[in-house]
Amino acid sequence: MSEPDISLAVGQELRRIRVEGDIRTRPLAATLRIGPSSLSAYEAGRRPITVQRLYEMCRALDVDPCEVLRVAIANAEQEGRAND
């Protein structure tokens, strides 16, 4: 069994939350003091999310980082099982 891609799953969960909250990329990136391309890279799993950045992103999105991790890990594990 391969290890799940947690960075990708966390990014996807953060993107889902952002989109469902009708929050656009540029304003969120500005709040985080990063470029929109950096935010997109986090959401796409192309750039690993540090604990500090995860906390900042969750705070900006008004979500619990523990819940984001819980959902992301569950999704990654489920995806891993589906690909086995």
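**View 1. Cys66 and Cys58 in the predicted model.** Cys66 is exposed, with a relative accessible area of 57%, in this model, which is predicted rather than determined by experiment. Cys58, by contrast, counts as buried because its relative accessibility is 0%. The closest cysteine sulfur to that of Cys66 belongs to Cys58, and the separation of 8.8 Å is too far for a bond. A disulfide is a covalent bond between the sulfur atoms of two cysteines. The cut-off for such a pair is a sulfur separation within 2.5 Å, and a search of the whole structure finds zero disulfides.

**View 2. Helix α3 and its packing partners.** Helix α3 covers residues 36–43, and its buried residues are Ser38, Leu39, Ala41, Tyr42 and Glu43. An α-helix has 3.6 residues a turn, so residues three or four places apart point the same way. After α3 comes Gly45, a residue whose phi is positive, near 75°.

**View 3. Arg47 and the ring of Tyr42.** The charged end of Arg47 sits over the ring of Tyr42, at 5.5 Å from the ring centre, and Tyr42 is itself one of the buried residues of helix α3. As for pairing between rings, a search of the whole structure finds zero aromatic pairs.

**View 4. The protein chain as the setting for the close-ups.** The protein chain contains five helices and zero strands, so that, from the N terminus on, its elements run α-α-α-α-α. Along its principal axes, the C-alpha trace spans about 40 × 25 × 20 Å. The radius of gyration of the protein chain is 13 Å, which agrees with the value near 12 Å that a compact globule of 84 residues would have. Of the 84 residues in the protein chain, 32% are buried, while the chain exposes about 5,600 Å², of which carbon and sulfur atoms supply 48%. When contacts in the protein chain between residues at least 6 apart in sequence are considered, 61% of them join residues at least 24 apart.

Notes
Residues are numbered from 1 along each chain as its sequence is written. This is a predicted model: local features need pLDDT of at least 70, side-chain atom pairs count only at pLDDT 80 or more; totals for chains, interfaces and linings use all residues. Side-chain values use heavy atoms; hydrogens and water are left out. Rings of Phe, Tyr and Trp (its six-membered ring) pair if their centres lie within 6.5 Å; planes under 30 degrees apart count as stacked, over 60 as edge-to-face and the rest as tilted. A charge sits over a ring if NZ of Lys or CZ of Arg is within 6 Å of the ring centre and within 35 degrees of the ring normal. Helices (H or I, at least four residues) and strands (E, at least two) are DSSP runs, numbered from the N terminus. The radius of gyration is taken over C-alpha atoms; the globule rule is 2.2 Å times the number of residues to the power 0.38. Buried means under 20% relative accessible area, exposed over 50%, partly exposed in between (1.4 Å probe, protein chains only). Contact means heavy atoms within 4.5 Å. Accessible areas come from the Shrake-Rupley method with a 1.4 Å probe; for residues, only the protein chains shown count as cover.
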